[in-house]
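Work through these exercises with the sequence and the model open. Try each task before reading its solution.

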Amino acid sequence: MNRPLRHIAIFCGLLMLALLIRTNWLQYAEREELATHEHNRRVKITQFATPRGDIIVGGKAITGSKLVEGTDFKYQRTFKQGPMYAPVTGYASQAQGMSLLEKTYDSILSGQDERFAFRHAKDILTGEERRAGGVVTTIDPKAQEAAYKGLTDLDARGAVVALEPATGKVLALVSTPSYDPSVFAGNSFKEGDKFQALVDEKSKPLANRPLRETFPPGSTFKILTAAAALEHGVVSDVDAKTDAVSPYPLPLSSSRISSEAGDATCNKASMKTAMQYSCNNVFLDAALKVGDEGMRETAEKFGFNEDVYSDDFGDMLASKSLYPEELDKPGTALTGMGQGSLTSTPMQMAMVTAALANNGKLMQPYIVDRLIGPDLSTLEEHEPQLKSQAVSEETAKKVQEMMEFTAAEGSAKRALIDGVTVGGKTGTAQRGDDVSKEVPYGWFVSYGKNPDGQAVAVAVFIDPTAMDISRSDISGGGLGGPIARSVMQSVLQK
């Protein structure tokens, strides 16, 4: 054999060897990954081969399955009150994939969880169809409905989160505008077009605002600033006058910051009065005195700068709320009133409020109460977990005193409920470089406590960009207060 042919033969042999090695690698080393890959059509066929298990709210299924013909996918997902529950369920589409609870607990809902192996073997012998498990949520249907109605009645882009302070249970999780997951649950081109239309929609109906989007929290952050000032000894008596002048001279700047309540009311006001009237100067000064390290330390104890959910919660992971690193003096001062480069999800501000209402104990939020098998037996049950002691009980009770005074005598009156102890704080957050042109966000945080100890904490976020409303009418108390009140009533006055 001459040299060129020998080289060609060796080259071809090497190619064959590489092909054999790759084939064996795929069959053994990557077999499991390929077998379960989301883009493997056989995986999708298996996912939709039998009726899908249900996601349950208040003892009732809010999902279902229907038999379809003319496709490899035998069953199609259906949703009850889809737009209201979409931020909880996510979608399970034959063409678009899955999200949120549908994705995180797909093995349970599709009946493929390894814990069902014995039952499936029995079903094969008896000829019965494979049955799936279910996901029982912590959502309170009345709270979810109150939150959704409140936002849709305003025709607002927004979010509501309600938590049970003592346990971390998520009682409501709402985002508007929303979408109906049933609309694109199938596999046709028409449904694909509908999904793309939602993607392209300017109002972002597919966005999960409570968990996935961050905004400046505005004056609602003042409850955390107050907690930081008390924890670090900057303030000891919330009724004592401060030396914070109004308008407040921002350090290293020619800017002077006033408050809507007026300089006469806010000048050297006590922290309690400053909370009542949302005086910027007192909280700017408090943050500056605590310092960026102290403010960041307290913020992180409330959950800033870290994931809200652990990896066990899969696609329910929330975006991080950020208290920035290495702030200068003006930047630190601005965070005291919830502005500057500070950002928060609505979930995070609900966590801050819940922790303060729970005497400083921050509980890990959770939305799944338990997982159940096809026979309704419990596979897993969530146990409440303490995330941190964010602040001392003494500090938390002083902030409660100020928030309750703000609800009784100040800007949070719209949340008051007869027979219920209510604490609240309004917020209007500026955005953009030119605040005179950009419409501000509206925020409202509150908690309610019954005499028997039952409690709920609520965060309401409103983006009034698309609303038919004058700029002067945009306020967290006016827009968000009634929604928070309705949600609290639905939980505490059944």
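## Exercise 1: Helix H4

Task: Find which residues of H4 are buried, and decide how H4 sits in the structure.

Solution. This is a predicted model, so every value below is computed from it.
- Step 1. List the buried residues of H4: Gly82, Met84, Tyr85, Ala86, Pro87, Val88 and Thr89.
- Step 2. H4 spans residues 82-89, and seven of its eight residues are buried.
- Step 3. Conclude. Helix H4 is largely enclosed by the rest of the structure, because seven of its eight residues are buried.
- Step 4. Glycine 90 follows H4 and has a positive phi, near 75°.

## Exercise 2: The whole chain

Task: Describe the protein chain by its secondary structure, burial, contacts and surface.

Solution. 
- Step 1. Count the elements. The chain has 18 helices and 18 strands.
- Step 2. Take the burial. Of the 494 residues, 53% are buried.
- Step 3. Sort the contacts. Take those between residues at least 6 apart in sequence; 69% of them join residues at least 24 apart.
- Step 4. Take the surface. The accessible surface is about 22,300 Å², and carbon and sulfur atoms account for 50% of that.

## Exercise 3: The disulfide

Task: Locate the disulfide, give its handedness, and say whether its cysteines are buried or exposed.

Solution. A disulfide is a covalent bond between the sulfur atoms of two cysteines.
- Step 1. Find the pair. The structure holds one disulfide. Cysteine 266 and cysteine 279 form it, with their sulfur atoms 2.1 Å apart.
- Step 2. Cysteine 266 is in helix H12 (residues 263-266), while cysteine 279 is in the loop between helix H13 (271-277) and helix H14 (280-301). The two cysteines are 13 residues apart, and the pair links distant parts of the chain.
- Step 3. Read the torsion. About the S-S bond of cysteine 266 and cysteine 279 it is about -75°, so the disulfide is left-handed.
- Step 4. Check the burial; the cut-off is under 20% relative accessible area. Cysteine 266 has a value of 0%, so it is buried. Cysteine 279 also has a relative accessible area of 0%, so it is buried.

## Exercise 4: The largest cavity

Task: Find the volume of the largest cavity, and say what lines it.

Solution. Rolling a probe the size of a water molecule over the atoms shows where empty space is left.
- Step 1. Count. There is one cavity of 30 Å³ or more.
- Step 2. Give the volume. The largest cavity has about 50 Å³.
- Step 3. List the lining: Leu163, Glu164, Pro165, Gly168, Met351, Ala354, Ala355, Lys361, Leu362, Met363 and Pro365.
- Step 4. Helix H16 (346-357) and strand E12 (361-363) each supply at least two lining residues.
- Step 5. Sort by class. The lining has eight nonpolar residues, one polar and two charged.

How values were computed. Residues are numbered from 1 along each chain as its sequence is written. This is a predicted model: local features need pLDDT of at least 70, side-chain atom pairs count only at pLDDT 80 or more; totals for chains, interfaces and linings use all residues. Side-chain values use heavy atoms; hydrogens and water are left out. Helices (H or I, at least four residues) and strands (E, at least two) are DSSP runs, numbered from the N terminus. Buried means under 20% relative accessible area, exposed over 50%, partly exposed in between (1.4 Å probe, protein chains only). Contact means heavy atoms within 4.5 Å. Accessible areas come from the Shrake-Rupley method with a 1.4 Å probe; for residues, only the protein chains shown count as cover. A disulfide is a pair of cysteine sulfur atoms within 2.5 Å. On a 1 Å grid over the protein atoms alone, a cavity is a set of points where a 1.4 Å probe fits but cannot get out, and a pocket is an open set with protein on both sides within 12 Å along at least five of seven lines; lining residues have an atom within 4 Å of a point. Grid points are joined across faces, edges and corners, and a volume is the space filled by probe spheres set on the points. Ala, Val, Leu, Ile, Met, Phe, Trp, Tyr, Cys and Pro count as nonpolar, Asp, Glu, Lys and Arg as charged, and the others, Gly among them, as polar.
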